[in-house]
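Dear colleague,

I am handing over the structure that we spoke about, and it is placed directly below. My notes on what was found in it follow.

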Amino acid sequence: MDTPPGALCRLDHIPDGVAVAVDAELPDGPENLIVLREGEQARAWLNICPHAGRRLDWSPGQFLISKGLLVCAAHGASFRTGDGACVGGPCRGQALRAVGVCVERGWVRLRDAG
Ligand code: FES
């Protein structure tokens with residue numbers, strides 16, 4: 001099966017409501033992304049916490065999500081899964097950096113690629 005440009009991962013490899021870590025080649029260089037599935041759509045952010053610049057994973061590639069909040073495993077900052085805004089913890093008022101993605105032929109891909 002041919003993959004669209006900027007393909008990150010298959011949507012059906014992510015359970016609905018779950019986020020995974022995916023390596024991506026962005027225009028500014030390689031980055032690790034948080035890719036969250038919401039039904040047939042996906043959102044993505046840089047896997048860099050605005051508090052101390054750490055990855056948000058609690059275990060490699062796995063994230064704490066509860067009640068619409070993604071929680072940074074380092075010091076507990078809570079980010080809304082809808083828009084990446086930090087609504088609790090040490091960097092309240094800041095936000096994750098969004099990366100534009102879309103779903104095409106069952107793949108999550110970078111929106112700006114190709
Ligand atoms: S690095 Fe995420 S809360 Fe501190």
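Leaving aside its neighbours within four places in sequence, Arg-37 is in contact (heavy atoms within 4.5 Å) with Leu-11, Asp-12, Ile-14, Pro-15, Asp-16, Gly-17, Val-18 and Ala-42. Please note that this is a predicted model, in which local features need pLDDT of at least 70 and side-chain atom pairs count only at pLDDT 80 or more, while totals for chains, interfaces and linings use all residues. Residues are numbered from 1 along each chain as its sequence is written, and side-chain values use heavy atoms, with hydrogens and water left out.

Arg-37 belongs to strand 3 (residues 29-38), where strands are DSSP runs of E of at least two residues, numbered from the N terminus. With a relative accessible area of 13%, Arg-37 is buried, which means under 20%, whereas exposed means over 50% and partly exposed lies in between (1.4 Å probe, protein chains only). A polar atom of the Arg-37 side chain lies 3.4 Å from the backbone oxygen of Leu-11.

Arg-111, found in the segment after strand 10 (107-110), counts as exposed at 52% relative accessibility. A polar atom of its side chain lies 3.2 Å from the backbone oxygen of Val-101, and, leaving aside neighbours within four places in sequence, Arg-111 is in contact with Gly-100, Val-101 and Cys-102.

There is also an open sheet of three strands in the order 1-10-9, with antiparallel pairing (two strands pair if DSSP finds at least two bridges between them). Its edge strands, each pairing on one side only, are strand 1 (7-10) and strand 9 (101-104).

Best regards

Notes. Helices (H or I, at least four residues) and strands (E, at least two) are DSSP runs, numbered from the N terminus. A polar contact is a pair of N or O atoms within 3.5 Å; within protein, one must be able to donate a hydrogen and the other to accept it, and residues adjacent in sequence count only if both atoms are side-chain atoms.
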